[in-house]
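I am opening my notebook on this entry and will write down what I looked up, one topic after another.

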Amino acid sequence: MVTYCDVQDGYPGMGNIDQLPQFVDPEGDYHLTSQSPCIDSGTLEGAPADDMDGQARPNPDSGLVDIGADEFYGPFMIWPQVQYQYQVQQQ
Ligand SMILES: [Ca+2]
Ligand SMILES: [Ca+2]
């Protein structure tokens, strides 16, 4: 039974969507970006308490779970090296 998943070409099941997940890198970085339709489209039912980063879900606390292995916390909390580069460019 597939529910609350993002499936290419769609899939019957409650909560399933068929949209580009807007991964950071579809070739290997399956973190969600802020534009992802997966954000807050999932369900706590059957979802692990932590995402693949070890971050608690759902985020925000009273909010909804994101579809997929990642719970979106904002890019600067996920990738410290990106934040570092951003700060360097600002100087
Ligand atoms: Ca969320
Ligand atoms: Ca995450």
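Does Tyr4 count as buried, partly exposed or exposed, and why? I counted the C-beta neighbours inside 10 Å and got 21, so Tyr4 counts as buried. The cut-offs I used make a residue buried if 20 or more other C-beta atoms lie within 10 Å of its own, exposed if 12 or fewer, and partly exposed in between, with C-beta atoms placed from the backbone.

Before going further I noted the ground rules: this is a predicted model, in which local features need pLDDT of at least 70 and side-chain atom pairs count only at pLDDT 80 or more, while totals for chains, interfaces and linings use all residues. Residues are numbered from 1 along each chain as its sequence is written, and chains are lettered from A and ligands numbered from 1 in the order in which they are written.

Confidence came next, given as pLDDT, the predictor's confidence in each residue from 0 to 100. I found an average of 81 for the protein chain, with 80% of the residues scoring at least 70.

I then listed the elements, taking helices (H or I, at least four residues) and strands (E, at least two) as DSSP runs numbered from the N terminus. The protein chain has two strands and two helices, and along the sequence they follow the pattern β-β-α-α. S1 and S2 run antiparallel and are joined by two bridges, which I checked against the rule that two strands pair if DSSP finds at least two bridges between them. Three residues separate the two strands of this hairpin, and Asp25 stands opposite Asp29 in S2.

I returned to Tyr4, which is found in the segment before strand S1 (23-25), and saw that its phi is positive, near 50°, although the residue is not a glycine. Gln22 lies in the segment before S1 as well, and its phi is also positive, at about 60°, in a residue that is not a glycine. Gln22 has 15 C-beta neighbours inside 10 Å and therefore counts as partly exposed.

In soluble globular proteins, nonpolar side chains tend to be buried together. Of the 91 residues of the protein chain, 20% count as buried.

Leaving aside residues up to four places away in sequence, Phe72 touches Leu32, Ser36, Ile39, Asn59 and Asp66.

My last topic was the cis peptide bonds. One joins Arg57 and Pro58, with omega about 0°, and Pro58 lies in the loop between strand S2 (29-32) and helix H1 (75-78). The peptide bond from Asn59 to Pro60 is cis too, with omega near -5°. Pro60 has 8 C-beta neighbours inside 10 Å and so counts as exposed. From Pro60 to Phe72 I noted 12 residues in sequence and 9.3 Å in space, C-alpha to C-alpha.

Conventions: Two residues are in contact if their C-beta atoms, placed from the backbone, lie within 7 Å.
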